[in-house]
Amino acid sequence: MSTSTHPATSGGLVQITSLEEMIRQRVAEERARLEKEAGIARKEIHHFHKPIERPFTADQRNKTTLLFGGLTWKHEKLVHGALEGLGYKCEVVPTANVKAFQLGKEYGNNGQCNPTYFTVGNLVQYLQKLEESGIRREDLLNNYIFLTAGACGPCRFGMYEAEYRLALRNAGFDGFRVMLFQQSGGLDQSEAEAGLCMNLDFFLNLLNALNMGDIINEVAHQIRAFEANTGETDAVLDESIDYLHEALKKKSPWSVESKLGKAANKIPMKGTVEYLGKFLNQLMSDDYMVALNQVRDRFNRVKVDRFRVKPIVKITGEFWAQTTEGDGNFNMFPFLHKEGAQIIVEPIGTWIMYMIHQVVQKIRDTKGLEEGTVAPPSWRIDKQAKIEWNYRNKLMKLRAAELIFAREYHRIVDALGGTAHRLVDQYELQRLGHPYYNSRAGGGEGHLEVAKNIYYSNRELCHMVLSLKPFGCMPSTQSDGAQSAVVAHYKDMIFLPIETSGEGEINAHSRVQMALGEAKAKAKLEYKEVLEKIGKSQDELKAYVEQHPEMSNALYPVPKYKGVIGTAANFAVHVAERMGAQVPYHAEAH
């Protein structure tokens, strides 16, 4: 920029020392003139700065309530029980609604993605309701804390913390505490305040609650679609979640002191023993299995009619939009159920396995490329070996984490009857998704949206994939671009992306109805072809089932046959097989 000096004048004009300043001043003068003409009062700009957070200390634990939310009500209630079992006071922020969305827009920044508006506004709405109930604002600031997940990267999820604080300030709750646990922090959350101990007990309890929530949620969706008595599944679900909540609440964390009393203090390496003991107790204990088996038996008493031909709809998309059960995704789950679909929901467990997988991928990709390190000369075999050991040690720990998590997840699947889907192998998802969406690209669900679409369609596990994604979600928008290539390569695939927002529900439901019509036709045609191939009529099959009432139990195991998707079609093949018919299908594991 060139400098242009102008002499001061006797008329009192400001001296312009550079061309840039002259332009800036003239712009300011023109803005002031236009604002004056329009009658706009000039407001001083106050930029938002992250406040210095007041700590949550251990002595505050007994009088401080942790608020959390954003999942399904099943997950939230179970997490509530798990946290109470660790001695915390906690409350669940109810599922976000349209009013919460509007509050989020009112008090938050412009241009945020849909989950930001819903979740931020939902916290403000809940605090306002607490205040209306008679709790003083000062007490809300001092005795309540909002606990949420944090992240970084290209997704605006990394901005949630700042958005919460800004909206709270604008709504008059300046100073309300927001605490994060980082998705990538694992068991070492070094910044955690002493009031909230993010230790092994915390994460084990949390993962147990989330896994139970995943599987019982899927089992309920499986049964609800075919229940003989409307509403019975939901009644059992309510009862079961209450029961598991109490089981989680009453479960005391394993400790050396609880086993050895005062003698525990004399054990060498007590910390290591305690750590290993907790892990072994998690792996070997059947504490939760007894409770889960009781829930299984209760669900199994629900009678179902599997001869109802329904299209299976797999739900994928952005994490929050595919999980929430309210206005945030246009109440899509009850809508699909009302329209006659069977739903496969997406478990949070897949996301946890994805996070571990991405860390493994990063370690492999950056081997020997650590910033600031100098590779030892080739003749220093000792140093070369140490580097190789550190690398393999990291991978070994992560691989152990993958195996342990999957084992614990599948233990709960089996305890609840074994009908829920098992976790999909992340390496298989990477293999399927990478040709269309680079698996190194982070943010949102990454390559998972593409990979799950291919996996569930190509493995004949669903008739249609419905991807729920929030308005303004950058990673999901990228996925949609890649999905056009996927759909072009898999001609029989029915894939529908729906962008959710605070409005537009009727339009979204209309689009889903159109795609669902195609999926229904596909399911009916499949069922008709199956009946022709097995040589049995539906009346014959139904008569056999009436003579064998155990086949109408909700958790009766129905095999998955190669080339058959729908529940009614698979059940028809299975019944015909039991009747002694020669069927041109063979069962497969899934």
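## Strands S1 and S2

Two strands count as paired if DSSP finds at least two bridges between them. In this predicted model, strand S1 (residues 65-68) and strand S2 (residues 89-92) run parallel and are joined by four bridges. Leu 66 has Cys 90 in S2 as its bridge partner. Between S1 and S2 the chain passes through helix H2 (residues 73-85), and this β-α-β crossover is right-handed.

## The four-stranded sheet

An open sheet of four strands is ordered S6-S5-S7-S8, with parallel pairing. Its edge strands, strand S6 (342-344) and strand S8 (495-500), each pair on one side only. On average, neighbouring strands of this sheet are turned by 30° against each other, direction ignored.

Within the sheet, strand S5 (residues 312-317) and strand S7 (residues 464-470) run parallel and are joined by five bridges. Thr 316 has Ser 467 in S7 as its bridge partner.

## Helices on the sheet

Helix H17 packs on the sheet and touches S5, S6, S7 and S8. The direction of H17 makes about 165° with that of S7. Helix H18 (residues 474-489) lies across S7 and S8, and runs at about 165° to S8.

## Helices H16 and H17

H17 (residues 448-458) also packs with helix H16 (residues 426-433), at an angle of about 95° and with the axes 8 Å apart. H16 and H17 are therefore roughly perpendicular to each other, since angles of 65 to 115 degrees fall in that class.

On the H16 side, the contact is made by Gln 426, Glu 428, Leu 429, Leu 432 and Gly 433. On the H17 side, Leu 448, Val 450, Ala 451, Lys 452, Ile 454 and Tyr 455 take part. By class, the contact of H16 with H17 has seven nonpolar, two polar and two charged residues.

## Helices H4 and H6

Helix H4 (residues 114-132) packs with helix H6 (residues 160-170) at an angle of about 40°, and their axes are 10 Å apart. That angle makes H4 oblique to H6. The crossing of H4 past H6 is right-handed.

From H4, the residues in contact are Pro 115, Thr 116, Thr 119, Val 120, Leu 123, Val 124 and Leu 127. They meet Tyr 160, Glu 163, Tyr 164, Ala 167 and Leu 168 of H6. By class, this contact of H4 with H6 has nine nonpolar, two polar and one charged residues.

Note on methods
Residues numbered from 1 in each chain as written. Predicted model: local features only at pLDDT ≥ 70, side-chain atom pairs only at ≥ 80, totals over all residues. Heavy atoms only, no water. Axes fitted to C-alpha atoms, helices over the stretch in contact; angles between N-to-C directions. Helix = DSSP H or I, 4+ residues; strand = E, 2+ residues; numbered from the N terminus. Parallel < 35°, antiparallel > 145°, perpendicular 65-115°, else oblique. Left-handed = near helix turned anticlockwise from the far one by under 90°. Contact = heavy atoms within 4.5 Å. Nonpolar A, V, L, I, M, F, W, Y, C, P; charged D, E, K, R; others polar. Right-handed = clockwise from strand over helix to strand, strands pointing away.
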